[in-house]
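This briefing goes through selected features of one structure, grouped by topic. Please keep the sequence and the model in view while reading.

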Amino acid sequence: MIEIMRGTSVDVEGDGTVREDGSKYSYESMESLTDYLLKRTKHRPLIGVICGSGMGGLADMLEDKESFPYHEIPGFPTSTVAGHKGRLVFGVLKGVTTVCMQGRFHVYEGYSLWKCAMPVRVMKLIGVKTLIVTNAAGGLNPGFRVGDIMLIKDHINFPGFAGDNPLRGRNDERWGPRFPAINNAYDLQLRQLARKLAGELGLGEYIQEGVYAMVGGPSYETVSELRALRTLGADAVGMSTAHEVIAARHCGLRVFGLSLITNECVMDYDVQRSANHAEVLDTSNRRKSDLEKLITNLVANIRH
């Protein structure tokens, strides 16, 4: 066994493979990590934001910023995906103390689900009450257009169908119950507030509401997989978010989620067009200002 961080261990297999044990990433380890951050920032945020691909500009809008690159935070993974800067940024947004993850972690980068969701628990210990999660997603619903903003009302956690869940392992009741309910994960009042604010900002025509499907990636989905997802009721698909929301609800955080529809899923066998990450970043960049306006106004109107 090799000790990585207090309460965290890995097994090294005979072939050199490292297997992380999420159940040993303890509450005390999270407290230690949180103390490290709180000793280095004066901010005590009530709202946490996870910025999806190409949406990290929101963190740059914070006033009185204090930034921590992930590689400098003990026990934090590092982000390796284009469009994810890899910083935890504290500051003030529209008068509200906020912390932003400027880039998230994904299973396809080689991290376990529990580790991808770990920063949510750090936010909880820092004092965050509401989590806002954003992502770039492919549109499955034929009524959606590229550039639409989908308010997430529910998700389908496909890794969970295979037994891969961020809560897998020994449960610590200090975080939450062994079997948390996830049926109302995405707060109805926050969705209603976001829709109202979008109308006031002139964004009403771009607002959709639907179900987000999380898959593992990093390869994009086949035509048959996309058709199956649509049949099951998914309106958009991506490679993140569900595990973060599960961890957030487990520890009692209120959640609001949105997906920027960055590309139309190819669901016809005879089409040569294919999905690509450049298209995702391009759409994110074009809708950047609208997303920032919506989220900043939402932050300003959330009451705790």
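K94 is placed in the loop between β6 (87-93) and β7 (96-102). Helices (H or I, at least four residues) and strands (E, at least two) are DSSP runs, numbered from the N terminus. The model is predicted: local features need pLDDT of at least 70, side-chain atom pairs count only at pLDDT 80 or more, and totals for chains, interfaces and linings use all residues. Residues are numbered from 1 along each chain as its sequence is written, and side-chain values use heavy atoms, with hydrogens and water left out.

**Backbone exceptions in loops**

- Most residues other than glycine have a negative phi, and most peptide bonds are trans.
- K94 is not a glycine, yet has a positive phi of about 55 degrees.
- With a relative accessible area of 52%, K94 is exposed (buried means under 20% relative accessible area, exposed over 50%, partly exposed in between, with a 1.4 Å probe and protein chains only).
- T241 also is not a glycine and has a positive phi, of about 80 degrees.
- The loop that holds T241 runs between β11 (236-238) and α7 (242-250).
- T241 counts as buried, at 0% relative accessibility.
- Between G217 and P218 the peptide bond is cis, with omega near 0 degrees.
- P218 sits in the loop between β10 (207-214) and α6 (223-231).

- Helix α1 covers residues 27-38; at 1.5 Å a residue its 12 residues should span 16 Å, and the end C-alpha atoms are 16 Å apart, so the two values agree.
- The expected span of a helix is 1.5 Å times one less than its number of residues.
- Y27, S29, M30, L33, T34, L37 and L38 are the buried residues of α1.
- An α-helix has 3.6 residues a turn, so residues three or four places apart point the same way.
- The axes of α1 and helix α3 (residues 113-126) are 9 Å apart, and the two helices pack at an angle of about 65 degrees.
- This makes α1 roughly perpendicular to α3 (angles under 35 degrees count as roughly parallel, over 145 as roughly antiparallel, 65 to 115 as roughly perpendicular and the rest as oblique).
- Axes are lines fitted to C-alpha atoms, for helices over the stretch in contact, and angles run from 0 to 180 degrees between N-to-C directions.
- The crossing of α1 past α3 is right-handed (a crossing is left-handed if the near helix is turned anticlockwise from the far one by less than a right angle, and right-handed if clockwise).
- On the α1 side the contact is made by Y27, M30, E31, L33, T34, L37 and L38, and on the α3 side by M118, R121, V122, L125 and I126; contact means heavy atoms within 4.5 Å.
- By class, the residues of the contact of α1 with α3 are 9 nonpolar, 1 polar and 2 charged.
- Ala, Val, Leu, Ile, Met, Phe, Trp, Tyr, Cys and Pro count as nonpolar, Asp, Glu, Lys and Arg as charged, and the others, Gly among them, as polar.

**Helix α3 with α7**

- α3 and α7 cross at roughly 50 degrees, and their axes come within 8 Å.
- At that angle α3 is oblique to α7.
- α3 and α7 form a right-handed crossing.
- L113, C116, A117, V120 and R121 of α3 make the contact with H243, E244, A247, A248 and H250 of α7.
- The contact of α3 with α7 has 6 nonpolar, 2 polar and 2 charged residues.

- Helix α9 (residues 288-301) has 14 residues, which at 1.5 Å a residue should span 20 Å; its end C-alpha atoms are 20 Å apart, in agreement.
- The buried residues of α9 include D290, E292 and N297.
- Helix α5 (residues 188-200) packs with α9 at an angle of about 125 degrees, the axes being 10 Å apart.
- α5 is therefore oblique to α9.
- The crossing of α5 and α9 is right-handed.
- From α5, L190, L193, A194, L197 and A198 meet L294, N297, L298 and N301 in α9.
- The contact of α5 with α9 divides into 7 nonpolar, 2 polar and no charged residues.

**Two single residues**

- M150 belongs to strand β9 (residues 149-157) and is buried, with a relative accessible area of 0%.
- M150 and Y212 are 62 residues apart along the chain, and their C-alpha atoms are separated by 8.9 Å.
- Not counting residues up to four places away in sequence, M150 touches several residues, among them F144, Y212, D235 and I261.
- A278 is in helix α8 (residues 277-286) and is exposed, with a relative accessible area of 56%.
- A278 and L38 are 240 residues apart along the chain, with 36 Å between their C-alpha atoms.
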